[in-house]
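Please describe the fold and packing of this protein chain in a short report. Include the overall figures and some local detail.

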Amino acid sequence: MAPRRSSRAPSAKPASKVALEPTAPKSQVNGVSKKRAASPERIETAPLKRSKSETEKSENDPPVKPASTRKPRSKTSVAKVPAEPATKKAAKTKLSPVRETQPTPHVQVKPYFNQLPSPPQKQRPGLVPFAWGAGNFGQFGMGADALGEFAKPKKNVWATEQMEDGAFGDDNAGIESVVAGGLHTIFIDERGTIWTCGVNDDAALGRITQDVPDPKNPGSFLSVDDLTAVPHPLQSLVDEGFRAVTAASGDSICAAVSDKGELRVWGSFRVNEGSLGFSNGLKHQFKPVPILELSHKPGDAEKVSSIAAGNNHLLVLTTHGHIYSWGAGEQSQLGRKVLERRKIHGTVPEKVTLGTRLRKATVVGAGAFHSFAVDDKGDVWAWGLNSMGQTGTGYASSEDSVVQLPKKIQKLSKETLGDDVVIQIAGGTHHTLFLLQSGKVYACGRSSSGQLGLPADDPAFKDQVDPDFVSEPVLVPFPDSDDPVVQISCGSHNNSAVTRGGALYSWGQGVQGELGLGDEEEVKTPQIVVRKDGGAWFAAAVSCGGQHSIGLFRSKK
């Protein structure tokens, strides 16, 4: 697909080295828009390649509330002085100056149920991003000259140059983690700085990219292609000292958590009919903002421990074991009922209950239109769209197509798994993967295009309610059973898994190179993309997006 271009006159391009995020006036707007409302209905054919279309421009920033003119009351009170006789002059009362005291830093006394997120151990050599799939909107982060399709992993040369220049940290530091969204990518470097690239029509990049003045050429603007196809840091988070540790992203909604458990969110939600917005009265949130107020008591402040994102909804797990959800809730993915005429109310975070209010959660996960949690006893709960068995709670008839409230997955219960427990959950459009502590992987949902990684003769395909899906989790076989899986990721219809030994596997359907297996567009069982033994690279992490995948590899040399 041809590169996306700005409709205005050509503008000067920035210098080769990435500068800090420029600021644009509030009245300016972002450019073209791409409508990508995901349909929860069953898809019987291979997904089509997406195209861009132009729509109306939207405001960059939310309206600013006027500063309050009310003066604060002084905390100093003056005692009443008895009236002097009329013959004497009343003495003037001298007031001592009021000294402002700095708020005392919070000290957590009560142990957290779920720990705060902490940066991973640094790897040397530093991790280098590789990309494959479709990058026609700059989501690879490799520049305006790399907007095509890559059928196999391709090294990000821009990132290696930044590593040599020390942009990501000292000692050739690399990328710490990566999240592939719908048509964009989020990178976190070893300093905890977030870098973004790709489509920004619905504010997914967390920064303004349209009509940004070029500081070196007054009267001209920075190239939109360079601002979107080359990763740029979220300077607003850098300025506030936000050390990002983890991030999550859906179609255009994004969130990040710091090492202090602080949450920042940006982007926009969409529903079947189009844009839902970011919140009531605000269509797009172009810069990261705090959105969730948690309890704060002396010696015990609730913070955010982890996050997960579906296509258009977010899940937050707190240090106290509570779950909050918000976004689009048409398929019950929020774990609560949202009235059709009050859809915008879904953009307000509310607590999710796993059966009883006393039950705490340890893990959250999400697919496109479905959600999951693991409780403190090791049981797995699911809710949301189940039209193809993707929640894993079973499917007997059309009445099971939606799981409105959290329901236990019996095949992943403590009684079934024994001492093993689910530690990560990832979902695609109609399927789900579950990673166990032992390194085993289970899958459920749509199977018609190899999404579950099962061979044709797998017992799970016998006596199916529907030949196109498996409604309860089944074990996925991997070629090397002695090399346990340590991380999983799902795209729309494809999957990737990283092992302890540094191998990378891929399976499912990827018509635009999302599998990273060359000309293969559909594979039924996990196939090797990066091998454990030999080769030049060690696979450390992977993330599958809407039509692209990003891996973080470490050189073995």
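The model is predicted: local features need pLDDT of at least 70, side-chain atom pairs count only at pLDDT 80 or more, and totals for chains, interfaces and linings use all residues. Residues are numbered from 1 along each chain as its sequence is written, and side-chain values use heavy atoms, with hydrogens and water left out.

**Whole chain**

The protein chain holds four helices and 34 strands; helices (H or I, at least four residues) and strands (E, at least two) are DSSP runs, numbered from the N terminus. Of its 557 residues, 56% are buried, meaning under 20% relative accessible area with a 1.4 Å probe, protein chains only. The accessible surface is about 26,200 Å², and 51% of this belongs to carbon and sulfur atoms; areas come from the Shrake-Rupley method with a 1.4 Å probe. Among contacts (heavy atoms within 4.5 Å) with a separation of 6 or more, 60% join residues 24 or more positions apart.

**A four-stranded sheet**

Strands β5, β6, β7 and β8 form an open sheet in that order, with antiparallel pairing. Two strands pair if DSSP finds at least two bridges between them. The edge strands β5 and β8 each pair on one side only.

| Strand | Residues |
|---|---|
| β5 | residues 175–180 |
| β8 | residues 232–233 |

**Helix α1**

Helix α1 spans residues 157–164, and its buried residues are Trp-158, Ala-159, Thr-160, Gln-162 and Met-163. These buried residues pack against β3 (128–134), β4 (149–155) and β7. At the start of α1, the backbone nitrogen of Trp-158 lies within 3.1 Å of a side-chain oxygen of Asn-156. Gly-166 follows α1 and has a positive phi, near 80°.

**Nonpolar cores**

A nonpolar core is a set of buried Ala, Val, Leu, Ile, Met, Phe, Trp, Tyr and Cys residues joined through side-chain atoms within 4.5 Å. The largest has 52 residues, of which Phe-168, Val-441, Phe-478, Ile-488 and Leu-504 touch the most other members. Strand β3 gives the most to this core, with four residues. Leaving aside residues up to four places away in sequence, Phe-168 touches residues including Trp-158, Ala-159, Gln-162 and Met-163, as well as Ile-175 and Trp-195. A second, separate core has 21 residues, among them Ile-253, Ala-255, Val-265 and Leu-294.

Terms used
Buried < 20%, exposed > 50% of the residue type's maximum accessible area, 1.4 Å probe, protein only. Polar contact = N/O pair within 3.5 Å; in protein donor to acceptor, adjacent residues only side chain to side chain.
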